[in-house]
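Here's a quick briefing to read alongside the model. Keep the viewer open and click through as you go.

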Amino acid sequence: MQPAVTSTFGDESAKDYERKRRESGHTAQSGTNSSLDKIRLETLQAATGFEMSPCDSNMKKNLIEALTTYTRAWQTKLDCPVKMFCNDEKLKAAAEAFSTPLDLRVKEALERAFRQPGIAKTDFPESVRFDVLHFAGPGLWARDESSAVCAPQMRATARGAR
């Protein structure tokens with residue numbers, strides 16, 4: 001009988017294979033749209049920055065702007081003014097366009113960022129407010145007002161920036 005598994009304890013080949021598969025999937029799916037990749041990377045960076053410094057008003061501003069831009073790109077791809085009347089083909093195309101490995105990293109970073117206090121749904125423009133919730137995760141869903149936890153620090157940061 002031949003062994004069914006050729007790997008040995010500590011063998012990294014499976015991890016290397018998975019990493020290469022993810023990387024090649026990223027370049028194949030998102031390499032065709034560099035402007036969308038730029039938006040993805042800016043959103044990822046802003047989410048990570050806010051997660052690390054949720055009381056910094058610049059980090060908050062950066063995340064709100066980046067996620068607004070990301071959401072508008074999704075809305076443009078979806079091309080449905082009234083979502084409930086959007087056809088399946090448009091929904092599928094938008095979902096596929098925003099399901100690259102980099103998009104998954106963005107969504108994970110956003111979920112971690114919105115576990116922090118400081119940003120509420122009302123901080124986003126009305127035109128994207130509902131759709132932002134699709135990307136932000138449950139940390140933002142019930143938050144209607146910015147947390148007062150960071151208010152004194154954000155005011156101090158804003159004064160220092162002047």
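In which helix is tryptophan 141 found? Tryptophan 141 sits in α7, residues 138-141; helices here are DSSP runs (H or I, at least four residues), numbered from the N terminus. Bear in mind that this is a predicted model, where local features need pLDDT of at least 70 and side-chain atom pairs count only at pLDDT 80 or more, while totals for chains, interfaces and linings use all residues. Residues are numbered from 1 along each chain as its sequence is written, and side-chain values use heavy atoms, with hydrogens and water left out.

**Around tryptophan 141**
- Tryptophan 141 is partly exposed, at 46% relative accessible area (buried is under 20%, exposed over 50%, partly exposed in between, with a 1.4 Å probe and protein chains only).
- Leaving out residues up to four places away in sequence, Trp141 touches Lys121 and Leu133 (contact means heavy atoms within 4.5 Å).
- Alanine 120 lies 21 residues from tryptophan 141 along the chain, and their C-alpha atoms are 8.4 Å apart.

**The nonpolar core**
- The largest nonpolar core holds 32 residues; such a core is a set of buried Ala, Val, Leu, Ile, Met, Phe, Trp, Tyr and Cys residues joined through side-chain atoms within 4.5 Å.
- The elements giving two or more residues to this core are α2 (34-52), α3 (57-78), α5 (101-113) and α6 (126-136).
- Helix α3 supplies the largest share of this core, eight residues.
- Among the residues with the most contacts inside the core are Leu63, Leu110 and Phe124.
- Setting aside neighbours within four places in sequence, Phe124 is in contact with Ile64, Leu67, Thr68, Phe114, Ile119, Arg129, Val132 and Leu140.

**How α2 meets α3**
- The axes of α2 and α3 come within 8 Å and cross at roughly 150° (axes are lines fitted to C-alpha atoms, for helices over the stretch in contact, and angles run from 0 to 180 degrees between N-to-C directions).
- That makes α2 and α3 roughly antiparallel (angles over 145 degrees; under 35 is roughly parallel, 65 to 115 roughly perpendicular and the rest oblique).
- Residues making this contact include Leu36, Ile39 and Phe50 of α2, and Met59, Leu63 and Tyr70 of α3.

**How α5 meets α6**
- Here the axes are 8 Å apart and the angle is about 100°, so α5 and α6 are roughly perpendicular.
- Lys107, Leu110 and Glu111 of α5 make the contact with His134, Phe135 and Ala136 of α6.
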